[in-house]
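Hello,

Here is the structure I promised to pass on to you. Please open it alongside this message, and my notes on it follow below.

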Amino acid sequence: MSGFFKSSIGRKVSMALSAIFLMIFLIIHLAINFLSVFSPGLFNEASHFMGTNPLIQFGLQPVLLVGVLFHFIMGFVLEIKNKKARSTAYVKNNGAANSSWVSRNMIWSGAAILAFLALHFYDFWAPEINIKYFKGDMSGLLNPADVNSDFRYYQELVHKFADPVRVIAYVVAFVFLALHLLHGFASAFQSMGVSSIRKKQIQMGAKIYSIVLPLGFIFIAVYHYFNH
């Protein structure tokens, strides 16, 4: 296995697999968050299920965290390897002429997304862990002493997006995510050996996914800011 990660192909394939896994997660995450726009009650129910289901909490959540860390670490490793490999070739060739601005700056868009994830974890994930596992409150209620109390998830979401600075930070982060996905989406499937015949379909899918998904998250943040 160590030999697999040492090879160029192995690193690219593992990077692609982690990217596809994270892109699938983003679709699920957006679908659940979008419920907050149409039905606060349904959003609360879905959030409580996701936050208390043992399979998700102790099975899928650790896999997701490892996947995020692996993807970013492998991304930095590939960037360093690629820069070393291109260092002599760039003396003779203009690399910018053969690649897009987005592809040449994946490391910076990735760093911006990583900074956003730190904020997102601080806003939502860390407080959840504190309430559920340190305070021992798995009820998900605004007032745990009252069994008829509403769930707290929607109120927490609205509270966070009442801050214009935070909303701007989220919008900027998702613009960087869109840029990152414009190259990363197609690159992931190409690394998995998808036929060049499907190149146009992959590029179209990359554009749709990379624009629609970040816009969905941006819409949620802006919607709650103006409706809190």
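I'll start with His71, which is in contact (heavy atoms within 4.5 Å) with Met15, Ser18, Ala19, Leu22 and His180, leaving aside its neighbours within four places in sequence. His71 sits in helix α4; helices here are DSSP runs of H or I with at least four residues, numbered from the N terminus. At 10% relative accessibility, His71 counts as buried, a word I use for under 20% relative accessible area, with exposed meaning over 50% and partly exposed in between (1.4 Å probe, protein chains only).

Before going further, a note on the basis: this is a predicted model, in which local features need pLDDT of at least 70 and side-chain atom pairs count only at pLDDT 80 or more, while totals for chains, interfaces and linings use all residues. Residues are numbered from 1 along each chain as its sequence is written, and side-chain values use heavy atoms, with hydrogens and water left out.

Helix α10 deserves a look of its own. Its 29 residues (199-227) should span 42 Å at 1.5 Å a residue, and the end C-alpha atoms are 42 Å apart, so the two agree; the expected span is 1.5 Å times one less than the number of residues. The buried residues of α10 include Ile202, Tyr209, Leu213, Phe217 and His224. The buried residues of this helix pack against α2 (8-38), α8 (153-160) and α9 (164-191). Leu213, for one, is in contact with Leu26, Ile27, Leu30, Leu177 and Ile208, again leaving aside neighbours within four places in sequence.

In the loop between α9 and α10 you will find Met192, which counts as partly exposed at 37% relative accessibility. Beyond its neighbours within four places in sequence, Met192 is in contact with Val13, Ala16, Leu17 and Ile20. The C-alpha atoms of Met192 and Lys12 are separated by 8.4 Å, although these residues are 180 residues apart along the chain.

How many salt bridges does a search of the whole structure find? There are six, each being a side-chain nitrogen of Lys or Arg within 4 Å of a carboxyl oxygen of Asp or Glu. Asp123 and Lys160 form one of them (3.9 Å, N to O), linking helix α7 to helix α8 across 37 residues. Asp123 counts as buried, at 3% relative accessibility.

Glu128 pairs with Arg152 in another salt bridge, with the closest N and O atoms 2.3 Å apart. Glu128 lies in helix α7 and Arg152 in the loop between α7 and α8, so this pair ties together parts that are 24 residues apart in sequence. Both partners count as buried: Glu128 at 14% relative accessibility and Arg152 at 4%.

Finally, Arg166 forms a salt bridge with Asp163, where the closest N and O atoms are 3.3 Å apart. Arg166 counts as buried at 17% relative accessibility, whereas Asp163, at 27%, counts as partly exposed. Through shared partners, salt bridges join Asp123, Lys160, Asp163 and Arg166 into one network.

Enjoy exploring it!

Best wishes

How values were computed. Helices (H or I, at least four residues) and strands (E, at least two) are DSSP runs, numbered from the N terminus.
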